[in-house]
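Dear colleague,

Please find below the structure that I am handing over to you, together with its sequence. My notes on it follow directly after.

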Amino acid sequence: MRTGVCYYPEHWPEERWTIDAAHMRRLGITVVRIGEFAWSRLEDADGTLHFDWLVRAIDTLHQAGLSVVMGTPTATPPRWMLDKYPDMLALDENGKSRGFGSRRHYCFSFTPYVDECRRIVSALAKCIGTHPGVIAWQTDNEYGCHSTSMSYSEHALHAFRQWCEKRYTTINGLNHAWGNVFWSMEYDHFRQIGLPVGSVTESNPAHQLAFWRFSSDQIALFNKAQVEILRKLSPGRDILHNFMGNFVEFDHHDVSKDLNIASWDNYPLGFLTRDNADPVDQARFLRTGHPDGSAFHHDLYRGCCNGRWWVMEQQPGPVNWAPYNPSPLPGMVRLWGWEAFAHGAEVMSYFRWRQAPFAQEQTHTGLLLSNAEDDVATSEVRQLNEELHRLRLPRAADETSGNTATNMLKVHSSVAIVFSYAGNAIQDIQLPGGQTYSPLAFCQRVYSACRQWGVNVDVVSSKAQLDDYKLIILCNNSEDDPEFVEHLINSRQHSRATLAMFPGTGSRNSEYELPESLPPGAFQNLIPIKVVRSESLPDTEQLIASNASGSSWHCIQWRERVHSQIEPHARFSDGWGFHYSQDGVHYINAIPEQTDLVALIGKLLKVSKINALELGPFLRTQQIGPYRLAINFGPEPVELASALGSTFDFDENTIVIVGSDTLHQTDIALWAVR
């Protein structure tokens, strides 16, 4: 794994560039991302291009031994662009303009802006696309950030109508697909279709889902327009995009089809304080981040581009955008680097090189303070690079070439969680588990339960190859997808994998209609059950399912009533069954609270014959190639020989390559496995 940093040469005097580049190399950094917000300096007036400074910056970095990732600047169109196209801005759901003064102020459906993006990307690629210092391109920046995935502009409306006509062919076809006979919502022609906003009460969920799919497709098309230019004019360079954490407003698998690498921006403490509603987690992990928060996204994005992924932005200290912005514990920056390595990252890149003394991100830390002195994280980055150097292996390609596939170690997992962005949208639209239920959060809970047993997990799409897994888990696969069901059947014929499905699986077809055969629709070909009722529960309600042997499960938020000839593993006091299984296929028809979910996952791992050991809430392990990494997120020291033992090839004869056999909080240990 190589380390990198996000750098903004346009922010600093040119005489600093050589000094900064030399300092980066002393820390062991070899990759630098630049340019993604620099459009106003690249083109200060329409058609007036200034690339000379950019070429000098790339020359400076390259001469210092640094590889450059060039960002296309399309996330920040300059002010003159708005004068040229006053209606290029997106509108929010209330019809308010998403105006100039920060970033991402454009509508994906405004075609003149897409053409402007093609123009600037083409000019950049012609100028620097074959520069030996440029090894990769990043398209735009954080698609959808600040709730910009969906626009409610007239341009979006026009494009959505065209999208609907292409998808449904006839207006009667659309009316039938959406069930518009309900409440007399039928249309006479496509020109009558509006956007799913502003209605007296809830918009038709089929309309909402169609608009979600359309908006996701617009992002994929916008990205593809840039990729096609870069492939032609900058051959041999990798192309990537930096996705975000806890973000499901578009289908990342679709966008990734046109990329070489999926990267993402990792801010563990920001995500915890912004997105995690559990007060216990907030208190325990305030300065470390949740032990499975970063890991989940590492594995999710590893599944997007055939295993190739980066961290493009890594938190080095307090950020500026979360409700609370604590400082990470000493050692966490190093720990996050080793964690990314163990999940297969090719590059760990820090945001940013130097703290900005101006504009919106003044309180966002960098590796350097705003006065250019080293901040806390620099010593940890230096230490990480020195330790990684001990593991240097023969590389797949020379570092100076365009091919950045340098990490020859592979992650092998016996467990797969199949993640569906459309399925997540289906559940979000009508909240089947209640107002506090989040399908994304539940997927992360299931992932965390797996990780507490010390197993590697892949998070993959429904089109991924599944033959090699021993346990396949469906958490948010709400779409009744016969093609995916056939894929599962064929995969299990080869692997005999255990399959576990959770509530909502196959509960709606692609047009948000209940399956004719009742949920789980085509998944009934895997297990003969029918869901006849679904209920959501307030957080104060907890239901207990028990069996004759004395085992019990505490369930929360959401449960389903199932009709089946299969005898359930347990029953609730009102007679509803819980957990049905047959021939290695399990349907878990209620949401267990976390302790019981961990126990349930343990049972599934056992029947799948997967080697596992319960680690508790703080200790985590991950294997990559011949190495296993252990991490301690908790306040108490851990003796690895007693905590892991023979299950994970650790005993008194184990030689620890990095770290030691006693882990204090934020410590890591790496050793070779037999």
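In the pairing of strand 1 (residues 2-6) with strand 2 (residues 31-34), Cys6 stands opposite Arg33 of strand 2; helices (H or I, at least four residues) and strands (E, at least two) are DSSP runs, numbered from the N terminus. The two strands run in the parallel sense and are joined over three bridges, where two strands count as paired if DSSP finds at least two bridges between them. Strand 1 is also joined, again in parallel, to strand 10 (residues 347-350) by four bridges, and Val347 in strand 10 is the bridge partner of Arg2. Five of the five residues of strand 1 are buried, so this strand is largely enclosed by the rest of the structure; buried means under 20% relative accessible area, exposed over 50%, and partly exposed in between, with a 1.4 Å probe and protein chains only. Arg2, Gly4 and Cys6 point one way from strand 1, while Thr3 and Val5 point the other way, and all are buried.

Before you read further, please note that this is a predicted model, in which local features need pLDDT of at least 70 and side-chain atom pairs count only at pLDDT 80 or more, whereas totals for chains, interfaces and linings use all residues. Residues are numbered from 1 along each chain as its sequence is written, and side-chain values use heavy atoms, with hydrogens and water left out.

Strand 7 (residues 238-243) is likewise largely enclosed by the rest of the structure, because six of its six residues are buried. From strand 7, Asp238, Leu240 and Asn242 point one way and Ile239, His241 and Phe243 the other way, and all are buried. Strand 6 and strand 7 run parallel and are joined by three bridges, with Leu240 of strand 7 as the bridge partner of Gln138. Strand 7 also pairs in the parallel sense with strand 8 (residues 261-266), over four bridges, and here Phe243 stands opposite Trp264 of strand 8.

If neighbours within four places in sequence are left aside, the contacts of Trp178 (heavy atoms within 4.5 Å) include Phe160, Tyr168, His207 and Glu511. Helix 12 (residues 293-302) is mostly covered, with nine of its ten residues buried, including Phe296, Asp299 and Arg302.

Val455 is placed in the loop between helix 16 (439-451) and strand 12 (457-460), and Val455 is buried, with a relative accessible area of 4%. With neighbours within four places in sequence left aside, Val455 is in contact with residues including Val415, Leu605 and Ile610. Val455 and Leu613 are 158 residues apart in sequence and 8.4 Å apart in space, C-alpha to C-alpha.

At the surface, Trp183 lies in the loop between helix 7 (171-178) and helix 8 (205-233), and Trp183 counts as exposed because its relative accessibility is 61%.

Most residues other than glycine have a negative phi, and most peptide bonds are trans. The peptide bond from Phe351 to Arg352 is cis, with omega near 0 degrees, and Arg352 is found in the loop between strand 10 and helix 14 (377-389). Another cis peptide bond joins Pro519 and Pro520, with omega about 5 degrees, and Pro520 is in the loop between strand 14 (498-501) and strand 15 (530-536). His146 has a positive phi, near 65 degrees, and is found in the loop between strand 6 (134-138) and helix 6 (154-168); with a relative accessible area of 40%, His146 is partly exposed. Asp583 has a positive phi as well, near 50 degrees, in the loop between strand 20 (580-582) and strand 21 (585-587), and Asp583 counts as exposed at 60% relative accessibility.

With kind regards
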